[in-house]
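Here are my notes on this model, in numbered points. Have a look at it first, then read on.

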Amino acid sequence: MTTERSAHDALIGARSPAQRVLGHLVLGLLSLFCVFPIYWLYATSLRAPEDVYQLSVLPWPLSTANYADALSKIDLAGMLLNTGIVAVLSALGQLLIALLAAYAFAAWSFPFQRLLYLMFVGTWLVPFQATMLPNYVLLARLGLLETLAGVIIPTMCSALGVLLLREHLKGFPKELLDAARMDGRSSWGSLWTVVVPALRPVLAALGILLAITAWNEYFWPAMVLQRSNAVVQLGLRSFLGTEGNDWGPLMATAGLTCLPVFALYLVLQRHIVNAFVRSGLK
Amino acid sequence: MTGTFVEVPVPSVAGAVTAPATRRSGWSTLRRIAPPYLYLAPAVVLLVVWTYQPLAQTFYLSFHSWNLVPTSPMREVGFANYVRLLTTSELGGSVLRTLAVIGGMLPFTVLIPVIVGLLTRRVRGRAAAVYRGLVFAPMLVAPVAGAAVWQWLLDPTAGVVNRLLGTELNWINTTGTAQLVIIVITGWHVVGFAVLVVSAGLTGINPDYAAAAEVDGASGGQITRWVTLPLLSPTLAFLVLMTVLLSAQWTFPLIDTLTQGARLVPPPTSTTCCGSTGSAATTPGSPRRPGSSSSWVSSCSPRCWRVWRIG
């Protein structure tokens, strides 16, 4: 009996080697299924153009020709920059707006509080397809079609962020807020000097999650940016054709599209996993 | 923005920050009441502008015939759009396909995660963390990139799957396999997240229950069946709910890129229309949501229906 966890694990059995082997086998196969497409994506992208159709597991000789090809065909650097701008601004905007709203819910009680809260919860039930048409028309009226602002602005209010931050603020010790008030701080001041520092891990996790989601978003940018390929997800689309794809450059572009997210994941693994679990969605 | 934490109008909620009431002039009352609303204002305004107002507008448009071109007339048509939608011969099939996709997703969002969750406790330690990380990786792949690599894997002539199996199947464009392909790719995408949710749920279960059951002579299998799984049921219910609500949304970018990736620059109407009619056809029980007017449906339906007809 070392820890509670391992005590429980011991109870659900599986100390016998046979069962452990079975566990490794099943988990290994599933991991292979999950990782193989990603591996193959990068393997293909690193083959020399004439070797793209090879089946060898290890790409050899390595070649960056596909990447050069992709870079010459589309403005990949510009797209990555644009996508980065969208992801960062979208995540920061959502964080700020969600923080203010969650703070209001947590620090005061006021009339219509429940109703307003239900408004946020209710957005879960509104499918994207139900609102995109009027949103598109509204963007057109505002003259924001074909602009990055048009991609970012409609996503600014994240119900997920509000609900998540409110959950965390509910457990926030009110004594701290009281103390700040007695020190003569305004609510605005206490938000930034008391609440935000305490929430830093959650804010970081949520911010990463929102940035990744914005980075990977495809459908809304596809609507707003009909005539351009300003973000990478759309640039990728221009390589996809039914009459024979150019697989090498396509895989190189797809690989570059995923690379920042993978890099972020490797560096901030624990935060990201926490963010996904806590978010409860997507 | 200098509001202070002051007395709450209804001082009932536990933990609400209170302060002594001060003067009762109009200004101080305003200052007392306003702060939470001011903090909420940006979020609520955005919510109304980008979610609830469009929703209302969608309902409004659904009773009209209009092609969204400002110069063309807008006619009120009552329930004609709904009648048209409900009597479309394609509707029944697409609802059934949606149900099939939801059913097909459940193994990936519930069954496999539970098995993995139970098994990772057997392998333990670093190995378990590595497996979990690997299974989670597809979640990070952008849907379009995922669609691209799967299209490459399933390519009729040069794809790895066909060459390993020695077949020349056109997986994505063949009735029968197309739906399976959509389910497997979507499952590949979300299984890691479901695994994480289940592991979090399993970690939250108090080990004392299992200990008590063992004292009573229960075997490992019995503990899993009668103690662990019932305690995990809220997590499982959440996953089922999520699958039902989001399956259509998860599959949409995939279907869109896999089947019409060829189109170069879509005319504005086709994308939107596809979205609306598509969601109409795939949201069981609520065909009223998208308010695509009938002229839209007729003008670009072939493409929309093609998207949803695959499989």
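1. Let's start with the interface. Chain B and chain A bury about 10,300 Å² between them, and carbon and sulfur atoms give 74% of that. Buried area here is the accessible area (1.4 Å probe) that two parts lose on being put together, summed over both. On the side of chain B that touches chain A, the largest share, 20 residues, comes from helix 1 (residues 26–62) of chain B. Helices are DSSP runs of H or I with at least four residues, strands are runs of E with at least two, and both are numbered from the N terminus.

2. A caveat on the source. This is a predicted model, where local features need pLDDT of at least 70 and side-chain atom pairs count only at pLDDT 80 or more, while totals for chains, interfaces and linings use all residues. Residues are numbered from 1 along each chain as its sequence is written, chains are lettered from A and ligands numbered from 1 in the order in which they are written, and side-chain values use heavy atoms, with hydrogens and water left out.

3. Who touches whom? In chain B, 107 residues are in contact (heavy atoms within 4.5 Å) with 106 residues of chain A. There are 0 salt bridges between the two chains, a salt bridge being a side-chain nitrogen of Lys or Arg within 4 Å of a carboxyl oxygen of Asp or Glu. The chain B side divides into 74 nonpolar, 23 polar and 10 charged residues; Ala, Val, Leu, Ile, Met, Phe, Trp, Tyr, Cys and Pro count as nonpolar, Asp, Glu, Lys and Arg as charged, and the others, Gly among them, as polar.

4. Now the aromatics. One cluster is formed by A:Y103, A:W108, A:W188, A:W192 and B:Y39. Rings of Phe, Tyr and Trp (its six-membered ring) pair if their centres lie within 6.5 Å, with planes under 30 degrees apart counting as stacked, over 60 as edge-to-face and the rest as tilted. Over all chains, the search finds 20 aromatic pairs. For A:Y218 and A:F219, the ring centres are 6.2 Å apart and the planes at 70°, so this pair is edge-to-face.

5. Chain B itself has 11 helices and 2 strands. Of its 311 residues, 52% are buried, where buried means under 20% relative accessible area, exposed over 50% and partly exposed in between (1.4 Å probe, protein chains only).

6. With a relative accessible area of 16%, B:T224 is buried. Leaving out residues up to four places away in sequence, B:T224 touches B:L118, B:L229 and B:P230.
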